[in-house]
Amino acid sequence: MKLHTLQPAKGSVKNRKRIGRGQGSGRGGTSTRGHKGAQSRSGYSRKLGFEGGQMPLQRRVPKFGFKNHNRVEYKPINLDVLQALAEKLDTDSITFDILVDNGLVSKKDVVKVLGRGELTSKLNVSAHYFSASASETIEKLGGTVNKI
């Protein structure tokens, strides 16, 4: 056996269907597109979700619920995250700008400090909102809570 004699197994490779190559090919004329209609024309592209004129699934299924467009989405920051950040930066005050600079929140976020985790050092925290347990824990250790 030599490399130049290698070939695929008999019957494993088929020629592709060559469409639009004349009547003699058996696939000329309408080129497998049928007669008339949008799908027979060039440039046709089916719209997403189109079901051939049948009422599409998206319109058949009933809509329900309510979405409040005025809802304010808060970005939660827990006490254990603040403690880790304070130890990393070796600081006793954490402001919104520090949270943004460290990639915890973005400039447009509304931050709410939540009470999960342990807080061991005295911290002065500035944020938009605080949960009752978070503000209680911060003030118990002698820190301050500043609402922006």
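In what order do the three strands of the open sheet stand, and is their pairing parallel or antiparallel? I began my notes with this, keeping in mind that the model is predicted.

Entry on the sheet. I read the strand order as β1-β3-β5, and I noted that the pairing is parallel. I then looked at the edges, where β1 (74–78) and β5 (129–130) stand with a single partner strand each, so that one side of each has no neighbour in the sheet. For the pair formed by β1 and strand β3 (residues 110–114), I found five bridges in the parallel sense, and when I looked up Pro-76, I found its bridge partner in β3 to be Lys-112.

Entry on helix α2. I followed helix α2 (residues 79–89) and saw that it lies across β1 and β3, with a direction at about 65 degrees to that of β1.

Entry on helix α4. I asked which residues of helix α4 (residues 132–140) are buried, and I listed Ala-134, Ser-135 and Ile-138. Looking down the axis of α4, I noted that these buried residues fall within an arc of 95 degrees, and therefore they line one face of the helix. This made me recall that an α-helix has 3.6 residues a turn, so residues three or four places apart point the same way. On the other side of α4 I found Ala-132 and Lys-140, which are exposed.

Entry on the surroundings of α4. I traced what the buried residues of α4 pack against, and I recorded α2, β3, β4 (124–127), β5 and β6 (144–147). Finally I checked what comes after the helix, where Gly-142 follows α4 with a positive phi, near 95 degrees.

Notes. Residues numbered from 1 in each chain as written. Predicted model: local features only at pLDDT ≥ 70, side-chain atom pairs only at ≥ 80, totals over all residues. Heavy atoms only, no water. Pairing = 2+ DSSP bridges. Helix = DSSP H or I, 4+ residues; strand = E, 2+ residues; numbered from the N terminus. Contact = heavy atoms within 4.5 Å. Axes fitted to C-alpha atoms, helices over the stretch in contact; angles between N-to-C directions. Buried < 20%, exposed > 50% of the residue type's maximum accessible area, 1.4 Å probe, protein only. Arc of directions from axis to C-beta.
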